[in-house]
Amino acid sequence: VHGGESQADKWLHAKNVESKSKNANRVYTPEMITITEMTIPGEVNKQVSSGICGAGGMSIGMSGRDANLLQCKKGELEK
């Protein structure tokens, strides 16, 4: 599920961490990654799963870090 950037932005602002972008892509610092990982899997994911379960569906929340489901390589942004 995509989303949760508004909540991450709220926490970045609260922690006085400046959000940067280049060519419309967000550029993440290690501090931004830490805050985003706390926000999206820790807050947004639980809200989405709870909402689905509360409406009678079945849902679990997972992070891309769980069991190394997602692995990424640092890329170069086009100029």
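Okay, so let's start with who lines the largest pocket: helix α2 gives the largest share, ten residues. Quick word on the names: helices (H or I, at least four residues) and strands (E, at least two) are DSSP runs, numbered from the N terminus. And what we have here is a predicted model, so local features need pLDDT of at least 70 and side-chain atom pairs count only at pLDDT 80 or more, while totals for chains, interfaces and linings use all residues. Residues are numbered from 1 along each chain as its sequence is written, and side-chain values use heavy atoms, with hydrogens and water left out.

Back to the pocket. A pocket is an open set of points, on a 1 Å grid over the protein atoms alone, where a 1.4 Å probe fits, with protein on both sides within 12 Å along at least five of seven lines; lining residues have an atom within 4 Å of a point. How much space lies in the largest one? About 1,500 Å³, where volume is the space filled by probe spheres set on the points, and points are joined across faces, edges and corners. It is lined by 37 residues, and the closest to the centre are Tyr28, Ile33, Thr36, Leu70 and Cys72. The elements giving two or more residues to the lining are α1, β2 and α2. By class, the lining has 15 nonpolar, 14 polar and eight charged residues. Here Ala, Val, Leu, Ile, Met, Phe, Trp, Tyr, Cys and Pro count as nonpolar, Asp, Glu, Lys and Arg as charged, and the others, Gly among them, as polar.

Now, salt bridges: a side-chain nitrogen of Lys or Arg within 4 Å of a carboxyl oxygen of Asp or Glu. How many are there? The count comes to three.

Arg26 pairs with Glu5, with the closest N and O atoms 3.3 Å apart. Arg26 sits in strand β2 (residues 25-27) and Glu5 in helix α1 (residues 5-14), 21 residues apart. Arg26 also meets Asp9, at 2.6 Å from N to O, and that pair is 17 residues apart, with Asp9 in α1. So Glu5, Asp9 and Arg26 are linked in a network.

Buried or exposed, or in between? Buried is under 20% relative accessible area, exposed is over 50%, and partly exposed is in between (1.4 Å probe, protein chains only). Arg26 is partly exposed at 22%, as are Glu5 at 41% and Asp9 at 31%.

Last pair: Lys10 and Glu43, at 3.8 Å, N to O. Lys10 lies in α1 and Glu43 in α2 (residues 30-54), so this bridge ties together parts 33 residues apart in sequence. Lys10 is partly exposed, at 46%.
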